[in-house]
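Here are some notes to read alongside the model. Please keep the sequence and the 3D view open while going through the points.

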Amino acid sequence: MNHSIVPIFAGGGTRLPAHLGVLKALEELTIPFTSLVGVSGGSIVASFHAAGLSLEKSKEIAFNTDYNQFREFSLLKLIRYGGLSSGDIFEQWVDKQLSGKTFSDLDKDLHIVATDVTNGKPVIFNKTNTPKMKVSKAVRFSMSIPLVFSFKSFGKHIMVDGSILSEDALHRDWDTKGTPVLCFRLRSDNEYDEIKVSGIFPIFNYITLLIRAFMTTISREYINESFWHNTIVINTGSCSGIDFKMSQTQKNTLFDIGYKTAKEIIPIKAKVTAIKDVIFNTTPI
């Protein structure tokens with residue numbers, strides 16, 4: 001199976017090991033791609049791959065990094081900038097992994113998608129639109145999870161998480177060659193550990209509950225039938241997209257879920273669909 005696609009790594013927050021599992025499946029199925037799209041947590045994995053990092057190196061980084069270093073609990077930042085964390089430490093971490101690369105430095109044609117909160121429309125960062133921009137900055141924009149990371153300005157735009165966009169913003173002709181897209185979306189259940197809202201400062205727990213409910217709702221958004229044929233939903237169970245204390249066991253589980261789901265479903269999609277390259281079609285099933 002070697003028909004070219006444009007993979008879209010959509011959403012996920014801190015669940016990036018699941019997208020790494022998808023990458024492994026794509027490699028084993030020998031599905032080539034020269035363009036790829038990253039949204040929210042998926043933009044981290046997409047940027048690593050586009051920058052030439054091997055799957056093993058990306059996995060090593062994701063598994064050995066303590067995500068908790070990116071989280072802050074500043075009410076002042078929340079009130080002034082819309083997020084508990086500035087996101088600066090996260091952006092610096094991404095920039096270090098990418099060796100400071102800009103979009104023009106990348107090995108592959110990477111598109112990172114964020115949302116302009118002023119109009120609800122996508123803002124796309126890539127080699128054409130923003131060649132000299134550091135990729136880490138675009139990843140930071142796309143990972144602006146409401147209430148978690150502060151909003152960031154980009155020109156007249158105010159950037160928030162790309163995951164809140166409607167599906168039609170992602171399903172487009174990304175490489176201008178009609179290459180079919182395949183969108184990998186992470187979906188979670190809402191069976192999380194209970195968070196108590198008592199204590200001296202219950203506001204932090206209330207905010208955590210709100211963010212968690214928001215992320216779960218986004219991940220469980222109904223998929224329009226027009227896009228079902230080229231969408232693969234990866235159920236990450238009760239693992240939250242804002243779990244900054246994720247254990248090694250959880251990371252391994254997410255990687256396995258992403259890998260097994262993609263490895264199983266991609267061939268099925270290929271059999272029931274007939275698009276340009278025989279693998280995916282723009283006509284709904």
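1. Leaving out residues up to four places away in sequence, Ser136 touches Glu91, Val94, Asp95 and Leu98; contact here means heavy atoms within 4.5 Å. Ser136 is placed in helix α6. Helices (H or I, at least four residues) and strands (E, at least two) are DSSP runs, numbered from the N terminus. With a relative accessible area of 2%, Ser136 is buried. The term buried means under 20% relative accessible area, exposed means over 50%, and partly exposed lies in between (1.4 Å probe, protein chains only). Ser136 and Ser47 are 8.3 Å apart in space, C-alpha to C-alpha, and 89 residues apart in sequence.

2. On the source: this is a predicted model, in which local features need pLDDT of at least 70 and side-chain atom pairs count only at pLDDT 80 or more, while totals for chains, interfaces and linings use all residues. Residues are numbered from 1 along each chain as its sequence is written, and side-chain values use heavy atoms, with hydrogens and water left out.

3. The chain as a whole has 9 helices and 10 strands. Of its 285 residues, 55% are buried.

4. How many of the residues of α6 are buried? The count is 7 of 8, and the helix is mostly covered. The buried residues are Val135, Ser136, Ala138, Val139, Arg140, Phe141 and Ser142. Lys137 of α6 is partly exposed, with a relative accessible area of 34%.

5. Helix α6 packs against α5 at an angle of about 140 degrees, and the two axes are 8 Å apart. Axes are lines fitted to C-alpha atoms, for helices over the stretch in contact, and angles run from 0 to 180 degrees between N-to-C directions. The two helices are therefore oblique to each other. Angles under 35 degrees count as roughly parallel, over 145 as roughly antiparallel, 65 to 115 as roughly perpendicular and the rest as oblique. The crossing of α5 and α6 is right-handed; a crossing has this hand if the near helix is turned clockwise from the far one by less than a right angle, and is left-handed if anticlockwise.

6. Which residues meet between α5 and α6? From α5 they are Phe90, Glu91, Val94 and Asp95, and from α6 they are Ser136, Lys137, Val139 and Arg140. By class, this contact of α5 with α6 has 3 nonpolar, 1 polar and 4 charged residues. Ala, Val, Leu, Ile, Met, Phe, Trp, Tyr, Cys and Pro count as nonpolar, Asp, Glu, Lys and Arg as charged, and the others, Gly among them, as polar.

7. The side chains of Lys137 and Glu91 also meet in a salt bridge, at 3.6 Å from N to O. A salt bridge is a side-chain nitrogen of Lys or Arg within 4 Å of a carboxyl oxygen of Asp or Glu. Since Lys137 lies in α6 (residues 135-142) and Glu91 in α5 (residues 88-97), the pair ties together parts that are 46 residues apart in sequence. Glu91 is buried, with a relative accessible area of 17%.

8. The structure holds 4 salt bridges. One of them joins the side chains of Glu28 and Lys263 at 2.8 Å, N to O. Glu28 is in helix α1 and Lys263 in helix α9 (residues 248-272), so this pair links parts that are 235 residues apart in sequence. Glu28 counts as partly exposed at 39% relative accessibility, and Lys263 counts as partly exposed at 29%.

9. Another salt bridge, between the side chains of Glu60 and Lys57, has an N to O distance of 3.9 Å. Glu60 and Lys57 are 3 residues apart in helix α3, which puts about one helical turn between them. An α-helix has 3.6 residues a turn, so residues three or four places apart point the same way. Glu60 is partly exposed, at 43% relative accessible area.

10. Helix α1 (residues 16-28) and helix α3 (residues 55-64) have axes that come within 10 Å and cross at roughly 165 degrees. That makes α1 roughly antiparallel to α3. Their crossing is left-handed. The contact is made by Leu16, Pro17, Leu20, Leu23, Lys24 and Glu27 of α1 with Leu55, Ser58, Lys59, Ala62 and Phe63 of α3. By class, the contact of α1 with α3 has 7 nonpolar, 1 polar and 3 charged residues.
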